[in-house]
Amino acid sequence: MTFRLTLAAALLTGTAALAQQTDLTIALQLEPPHLDPTSAAAGAIDSVLYTNVFEGLTRFTNTGEVVPGLAERWDISEDGLTYTFHLREGVSFHDGTTMDAEDVKFTLDRARAEDSQNAQKALFEGIAEVTVIDPQTVEVTLGQVDGNFLFNMAWGDAVIVAPESIGDIKSTPVGTGPFKFDSWTQGDSITLVQNPDYWGEAPALTEATFKFISDPTAAFAAMMAQDIDAFAGYPAPENLPQFEADPRFQVLVGSTEGETILSTNNQMAPLDDVRVRQAIAHAIDRQAIIDGAMFGLGTPIGTHFAPHNPDYVDLTGLSGHDPDKARALLEEAGYPDGFTTTLKLPPPSYARRGGEIVAAQLRAVGIETEITNLEWAQWLEEVFRGKDFGLTIVSHTEPFDIGIYARPDYYFQYGKPAFQELMMTLTATTAPEKRSELLADAQRMIAEDYVNGYLFQLAFPTVADARIEGLWLNQPTQATDLTGVRWTE
Amino acid sequence: MSRTLILGAVLSAVFVAAALVSFVWTPGDVEGIDIANRLKPPGAAGLLGTDHLGRDMLSMIMTGARTSIAVAIVAVGIGMGFGVPLGLAAAAHKGGLLDELISRGNDLIFAFPSLVIAILITAIAGPGAVNAIIAIGIFNIPVFARLSRGAALGLWTREFIMAARVAGKGAARISAEHILPNIANLLIVQGTIQFSLGILAEAGLSYVGLGAQPPLPSWGRMLADAQTMVAIAPHVAIIPGLAIVLTVLGLNLLGDGLRDALDPRLKVLRT
């Protein structure tokens with residue numbers, strides 16, 4: 001009898017546990033180097049912590065819209081220079097300290113300081129002064145009108161941190177989000193647990209484990225064996241049809257902010273000649289690259305702008321696949337027999353496979369490329385910092401990053417004065433129609449200067465257990481927002 | 001002739017022949033990317049199908065054999081070219097400072113795991129076939145140095161060497177004229193074995209991306225590229241895998257067979 005009761009009890013609790021599974025194991029490709037989103041460019045940090053552990057004054061939603069975050073609402077002065085943020089009541093950090101205007105001032109002042117380690121310092125450049133009015137109100141004064149300010153404050157680099165916990169933030173991140181950092185097993189996983197004192201609606205999950213699996217074969221095995229419940233940013237597009245055909249899984253293909261480009265060293269001969277760059281653009285067959293490297297996932301782009309953005313202008317026509325025209329342009333530029341340059345490829349498959357296809361397409365018009373496969377650290381050293389490259393393939397995953405073209409010291413070294421001027425006008429403009437117009441001009445200018453070879457917008461495939469809902473489809477910023485994720489049965 | 005020797009010789013010859021033929025003719029273009037015809041199974045497009053970029057697998061294997069064999073030959077050449085003279089010199093000055101230096105140097109290089117150091121060398125000097133050759137070659141030097149020193153030591157006590165010394169020949173001349181021909185069979189056998197290890201090492205280095213760079217086909221890189229496609233197109237992984245296995249097996253069998261055929265002592269034992 002006792003035995004039967006125990007058994008029944010076990011069965012009951014068993015089914016109950018099944019009915020409300022509240023833990024999730026989700027895999028990502030890249031492990032963060034450390035856990036401070038405000039002092040590193042690594043998107044992997046945001047992939048784990050954005051919105052889960054750290055929150056900013058504003059935040060991005062799944063569709064890229066900017067909505068209130070820790071600031072409940074804000075007033076903007078007539079001249080557009082003063083933003084008064086009204087903070088939410090009752091928000092506390094995971095260490096129990098309250099989040100108030102002082103923390104906001106600390107965060108913003110730290111990010112814009114002379115010695116700031118922030119990877120996106122430009123986001124804070126416009127801030128002239130941050131004043132605490134009272135614990136729930138903070139006033140930010142800008143040096144000049146910045147139509148992007150609320151957007152900038154939504155970035156992972158602008159999340160609110162506390163002076164009390166900043167010392168250990170790289171290993172023990174303390175934020176205000178719905179999940180608390182629990183543990184980090186380096187080289188394997190990071191575990192987050194639900195924050196019982198969260199100010200907003202409690203998430204359905206009580207525990208979330210992020211596993212880091214960069215090897216596509218291991219990713220496939222782990223997913224098939226259901227060792228992981230979901231994989232955000234699945235590394236091997238060739239395996240997706242198998243998951244689609246399997247009723248245990250669902251496959252979501254979203255878009256990212258990742259403009260995948262054939263980055264060109266604009267200061268290196270002969271690539272400094274716009275005719276040569278145009279020839280390269282016409283030599284490339286985008287669809288072949290998307291099909292060959294990404295098994296069809298990806299949207300062709302003709303400029304450095306995300307196609308899902310309302311201000312996107314389709315300029316793919318400027319650089320249609322036309323080998324004859326490419327040869328003619330090369331001849332005109334003084335290279336009738338072509339030339340040889342380097343093609344340095346980082347590890348992702350879009351670069352490695354795409355690189356072989358690009359090399360073959362360039363060879364067809366007479367441009368020989370010496371391919372070198374590099375690991376990320378070497379790529380950052382040689383290409384990104386050292387600028388020692390002719391061509392490379394990389395995806396620029398930051399949202400709304402056309403501004404990098406204004407920087408003459410950025411690795412592809414464009415920085416045309418006219419473009420810099422255009423960007424300055426854009427920053428100072430708040431009227432939406434005028435901004436759209438300026439953005440269209442900017443897109444056209446870099447497309448007509450053929451600064452880089454514009455290949456495709458990187459897709460974001462997520463493979464997940466069929467019973468999970470609420471995962472982000474798109475990647476408006478690098479994030480794995482778990483607040484809305486739940487098991488349906 | 002033993003069956004081992006014949007089988008080994010045939011397998012090795014097939015791959016050497018494939019590599020040689022690839023210089024003048026391949027059924028397809030190894031740089032001809034044709035996305036529409038990718039991942040075709042063997043028989044559907046070409047004898048061995050096509051890879052993930054639509055290139056003919058048979059052509060890739062043939063040209064890949066060339067890469068493997070070229071790397072392995074030069075690496076073994078480096079090993080023999082430096083290792084054998086060092087070993088002979090050490091044997092000629094047995095117990096002397098030179099012997100001590102060479103032998104301890106060998107121990108030092110042997111103490112490192114070769115593939116790891118090869119990865120280190122190519123990571124520092126940059127990936128590429130030439131650096132792979134150097135990295136693999138360096139580790140062949142102590143193998144040949146030890147082998148020739150050991151074999152030569154045994155010969156130095158023999159009467160015909162005594163006779164040569166009495167006749168007034170110097171150590172260098174004796175090594176070249178009397179010792180070397182007598183240890184040649186050992187070197188050939190070891191060379192064959194090292195050759196197969198060289199092919200394996202090249203495949204390993206290319207597999208991790210440090211060997212021959214694209215578009216030059218390489219078996220190791222073909223395997224690495226095929227990794228994620230095993231489930232949808234197994235042939236792209238099986239074919240280069242088999243090529244490596246069969247070549248290494250063939251060369252090992254050839255080495256074994258040659259040893260049996262060349263070593264008179266073994267012959268006596270067998271009969």
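Pro270(A) sits in a loop of chain A, between β12 (249–264) and α7 (274–283). Helices (H or I, at least four residues) and strands (E, at least two) are DSSP runs, numbered from the N terminus. The peptide bond from Ala269(A) to Pro270(A) is cis, with omega near 0°. Chain B also has a cis bond, from Pro214(B) to Pro215(B), with omega near 5°. Pro215(B) lies in the loop between α7 (171–207) and α8 (219–226) of chain B.

This is a predicted model, in which local features need pLDDT of at least 70 and side-chain atom pairs count only at pLDDT 80 or more, while totals for chains, interfaces and linings use all residues. Residues are numbered from 1 along each chain as its sequence is written, and chains are lettered from A and ligands numbered from 1 in the order in which they are written.

**Confidence**

pLDDT is the predictor's confidence in each residue, from 0 to 100. Chain A has a mean pLDDT of 90, and 96% of its residues reach 70 or more. Which elements of chain A have the lowest and the highest mean pLDDT? Helix α1 (residues 2–19) is lowest at 47, and strand β9 (residues 189–194) is highest at 96. Over residues 1–17 of chain A the pLDDT is below 50. Beyond near neighbours in sequence, that stretch has zero contacts in the model. Two residues are in contact if their C-beta atoms, placed from the backbone, lie within 7 Å.

**A sheet and its helix**

Four strands of chain A form an open sheet, in the order β4-β5-β7-β6. The pairing is antiparallel. Two strands pair if DSSP finds at least two bridges between them. The edge strands are β4 (71–76) and β6 (127–134) of chain A, and each pairs on one side only. On average, neighbouring strands are turned by 20° against each other, direction ignored. Axes are lines fitted to C-alpha atoms, for helices over the stretch in contact, and angles run from 0 to 180 degrees between N-to-C directions.

β6(A) pairs with strand β7 (residues 137–142) of chain A over six bridges. Glu129(A) stands opposite Thr141(A) in β7(A). Helix α3 (residues 101–112) of chain A lies across β5 (82–87), β6 and β7 of chain A. This helix runs at about 165° to β6(A).

**Where the chains touch**
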